[in-house]
Amino acid sequence: MKSPVFAYAAPNTVAEACSLLANDEDAKLLAGGQSLVPLLALRLAAPTTLVDLRLVPALTGITYDQGVLRLGAMTTHRAIERSPLVQDVAPAIAEAAALIAHPQVRTRGTIGGAVAHADAAAEWPAVLLALGGHVEVTGTTGSRSISASDLFMGPFMTSLEPDEVITSVSLPIDGREIWVDEHQRRHGDYGLSILAMTYQLSDGFLTDVRLAVAGATGSVTRAPEAEAALEGRAPADSSDAITALAAELSYTSDIHGSADYRRDITTTLFQRALRAAGERSGQA
Amino acid sequence: MSFPHSQSPSIAARSIGARVPRGDDPRLLTGRGQYLADIVLPGELHACFVRSSAAHARITRVSIDEARALDGVVAVWTGEDAAKFCEGIVGELEVEGCFATTMPLLARDIVRYVGEPVAVVVAESRYVAEDGCDLVDVDYEPLEPVLHPRSALEGGPSANEELPDNVALRGGKVLGDVEGAFNNAARVIEATFHSGRLSAGPMETRGVIASYDWTSRRLRLWTGSQMPHYIKYCLTAYLGFPENECEVLTPDTGGGFGQKAHIFPEEMLLPLLARELDRPVKWVEDRRENLMTATHAHEQFIDIAYAFDSDARATGVRIRATGDGGAYHQPPWSMGVEPWCTAMVTPTGVYDIPAADLIYEAAATNKTPIGAYRGVGYMAGTLVRECLMDDAARAFELSPFDIRRRSVVREFPWTNPQGIVYDEGSWLQTIDELERMVDYTAFRERQAALRAEGRFIGLGLSVFVESSGESTAMGKAHDLGGIYHDTATVKMEPNGSVTVTIGLTTQGQGHRTTMAQVVADSLGVPLEAITVRAAESTTYGWGSGTVGSRGAVIAGGAVLRASNVIRTKLVALAASMLEADPADIDLVDGAAVVLGVPGSSVSIIDLATAVYFDQSAWPADFDPTLEATLAYDPARPIFSNGGHAMIVEVAPDTGFVTVEKVFSVEDCGTVINPDIVEGQIRGGVVQGIGAALLERLVYDDSGQLVTTTLLDYHMPSMDFSPPFEIHHLETPSSHTPGGIKGMGESGLIAAPAAVLNAVNDALSHTGTVLHNIPITPEQVLRALRG
């Protein structure tokens, strides 16, 4: 469990990082290393160069401006979990960060790294999809913004170009309700099912519902039929949506649970989210 | 047996019984331990193993040229290179119907499990050694893997051609009128169980360092072994190193749990490499290797049936225990010990069951060899016995306490049908005490109230008797071979301080503290004046291994016998100095005192000083040797007993099982140190919760091990450690030092059954009864949903 040989670079700017990536097609960004370093140790990844982003000051920081929470790509999960700003404007996001692994991992792992890694059982991609967020990326030819729905292409696959670096993750915090929850067998385990849901409540009815599932499916995914089945309904009036969610997704099977089991517990997670929505609508 | 080394002197318990803090803790808990990987020898090389990627295949070619050419690689050996020195390690169990296997140090011609070592690369660093391994190219021609033990025993391809019919072990006994018991039974309760494949998963993986000096022919081998003297013996027996020039050293060891109580090919290869390369060679196992190759444990398929009479008393038992043994016997415990013990020892347990039909078998399969892991044989055996008792309780509509009381042995000594004699025990009291602790009536009321709210809790009970203090007498009582004895050396210095050396290594159990307590009471010296060395080197003493819940009993007996020699001299000297009868002298609180004569005393320090420096104080014919080495091996087998009751809750939305509380009763005779005993209970029970709810080594249909990291092999973490309520019963043994009994394995032996029973109780309204561990959330959810 020792990594193969690699070159190591720790640039101070995003531009330098991009050019290092552009000059070596087998280079890989290191953004916390909580997934990449174990992969190196297991020799499941063998990049020629590791481009460590830890010394790029422009990649950290949390701001909130005009309904958008902007998280620098190198912001750690722990920093998000503990940020007074995040706890104030979007407590559900701070709570979602706390679902990730253990404090040791959260203290090093970063939101940009997690999003770029696009693990099918990671929390942030589901949150990003459910909120309709986007990432800012910079490559050798310039910067662009990629919406969450255009970013995640499959397990461990994104639409990032080889020379592109995620510089920040933006989450719209615009008054919609946010719910993130998951089933972990042991505290800190990868979620057997992760569910992120955002919605508006007006007069006790759900609108603008966005639902994302991870952990239970082969890659992070929206559930459009379940979303549509909830539109304009009261949270208690959800049996069509529950049926839709069970039917429309392709659930995965492995030693930790069969597809049927993952479908069942995703359903119970969804029911929990709907119960919470019902309580919120009662309070409203 | 009436050898002198079976007699242990009496001892007055003063420090014994006290909650003395563990002396090792400040060092270990502040990161100052020196584990194997912390030892760095000048000029050391690093070994890494190329391991089979196939479950069963013929090796058609091993290409090592590229690896050899890599900068920093010093040597690459294949099976042929190793076979020049050693054909392999022979393993078998000394019981009827066991067939031996020879495990090569490196596979030749055929590989028989994923992870089997095929080649070893030795390099200037572990990184380069792994690079070298990547460059070794092995061509495999696939052979059919044998993966299911019961079908393997029915015929078909062989997992290991040394065992053409895959039978590594097969035997049994019929004792008493089994047929009559079943023919006349009011009710027969039966089931087939599967106890999953486990890893002992010690926090520190295995590791070896070998260093050889050709000028003196001196070999030093560091290994975190539970059996360093056995390893040393094997260095001579298998490799021909001169025994007088071999030293096996045991640094701090982060857990063993039986996994480190074997001889491994890696331990035999590194001495050869060190000698041939003339440089020290180190190998530190990584977690993937540990999960893949460092012996697996506990997996069995077991059919069991109990006959009950109309009073719900068990009258007969039938059991067939089948071990899924892996490709070889891993010496010395072999793949046989697990099913053999389950079938031959455990089915009667604490119950008076007069008739037993006992069948044991182990099948060779193309999997990692099965080895010992805490509670070997006992865990699965206790699981099936105790789970069936709860099944019977439901069938008879009795409480789990009542059904056990109908059959429990009440009179001692008691001889079971297998002929094993139990001198004493608190078997009935254990059941009564657990019932009181649980408050059974209140529990049932709470269970009913919660069920009405859609919450499901359950109570599970499991009681056990455990062979402890593994000894020659224990082996004989069970028709097993094995001669055991262990020595201890006690040496008093001129200033009255004491150095104790025991032949047992320690893996974190606090032996240094418990043994110091025994010496303190024997010699009357304070604990601070005692240093205990736990088999840090085979230069000192002899040990048969830290196995079989034997540390406290065996090391305690040897230590007490040795310190009693010193005590006798101190008493004689004190009697002379105080002009008293030696029979009136006691050693207590740092002084020799004359009983009944207040103020007449001399300090131990003054006595020790007089031995070394003041001949005038000596009585006639005084021999000043203040050092004694004596052996101990108890005259009779020792059995401890106890039980656990657990309350669990199952979550209706996930099927997750949470253990709400554990109630434990332990009777290990005289308790040396309650903190250490309770730590053993907690640790063992949590391992048992892991075995029942989480841990499972999984092979796919091609014989690939799927669970090769701790992301997939789930061990219990702190959030799986429930609150405990522990009650001690003390039924001392009449023939061990101070009445001590062993208890290191009891938690894991009995906890899985309690968990399984508690889950079945929580599900009792569903009609589903589970008989396999680990219990998966999916099984629970299915049961709850009908």
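Reader: Which order do the strands of the three-stranded open sheet of chain A have, and what is the pairing?

Author: The model is predicted. In chain A, three strands make an open sheet in the order β1-β3-β2, and the pairing is parallel. Its edge strands are β1 (7-9) and β2 (27-30) of chain A, each of which pairs on one side only. From one strand to the next, the twist averages 25°.

Reader: How should I read a pairing between two strands, and how many bridges link β2(A) and β3 of chain A?

Author: The general idea is that strands of a sheet pair through backbone hydrogen bonds, either parallel or antiparallel. Here β2(A) and strand β3 (residues 49-52) of chain A are parallel and share four bridges. For a residue-level check, look at K28(A), which stands opposite L50(A) in β3(A).

Reader: Which helix packs on that sheet, and at what angle to β3(A)?

Author: Helix α1 (residues 14-23) of chain A packs there, touching β1, β2 and β3 of chain A. The direction of α1 makes about 165° with that of β3(A).

Reader: What is the order of the four-stranded open sheet in chain B, and what is its pairing?

Author: The order is β23-β22-β21-β27 (chain B), and the pairing is mixed. The strands at the edges, pairing on one side only, are β23 (530-534) and β27 (627-632) of chain B. The twist in this sheet averages 15° from one strand to the next.

Reader: How many helices and strands does chain A have, and why is chain A said to be as compact as a globular protein of its length?

Author: Chain A has 12 helices and 14 strands. Its radius of gyration is 19 Å, close to the 19 Å that the globule rule gives for 284 residues, so chain A is as compact as a globular protein of that length. Along the principal axes, the C-alpha atoms of chain A fill a box of roughly 55 × 45 × 30 Å.

Reader: How is chain A divided into domains, and which element gives the most to the side of domain 2 that touches domain 3?

Author: The division is domain 1 (7-52), domain 2 (57-172) and domain 3 (177-283). The centres of domains 2 and 3 of chain A, taken over C-alpha atoms, are separated by 21 Å. Their contact takes 21 residues from domain 2 of chain A and 22 residues from domain 3 of chain A. On the domain 2 side, α5 (91-98), α8 (123-131) and β8 (152-154) of chain A each supply at least two residues. Of the elements on that side, α8(A) gives the most, with seven residues. By class, the domain 2 side has 16 nonpolar, three polar and two charged residues.

Reader: What is the domain assignment of chain B, and how many residues does the contact of domains 2 and 3 take?

Author: Chain B is assigned domain 1 (4-33 + 485-632), domain 2 (36-143 + 205-253 + 260-293) and domain 3 (378-467 + 637-785). Between the C-alpha centres of domain 2 and domain 3 of chain B there are 39 Å. The contact takes eight residues from domain 2 of chain B and nine residues from domain 3 of chain B. The domain 2 side of this contact has four nonpolar, two polar and two charged residues.

Methods
Residues numbered from 1 in each chain as written. Chains lettered and ligands numbered in written order. Predicted model: local features only at pLDDT ≥ 70, side-chain atom pairs only at ≥ 80, totals over all residues. Pairing = 2+ DSSP bridges. Axes fitted to C-alpha atoms, helices over the stretch in contact; angles between N-to-C directions. Contact = placed C-beta atoms within 7 Å. Domains from an automatic or database assignment. Nonpolar A, V, L, I, M, F, W, Y, C, P; charged D, E, K, R; others polar. Rg over C-alpha atoms; globule rule 2.2 N^0.38 Å.
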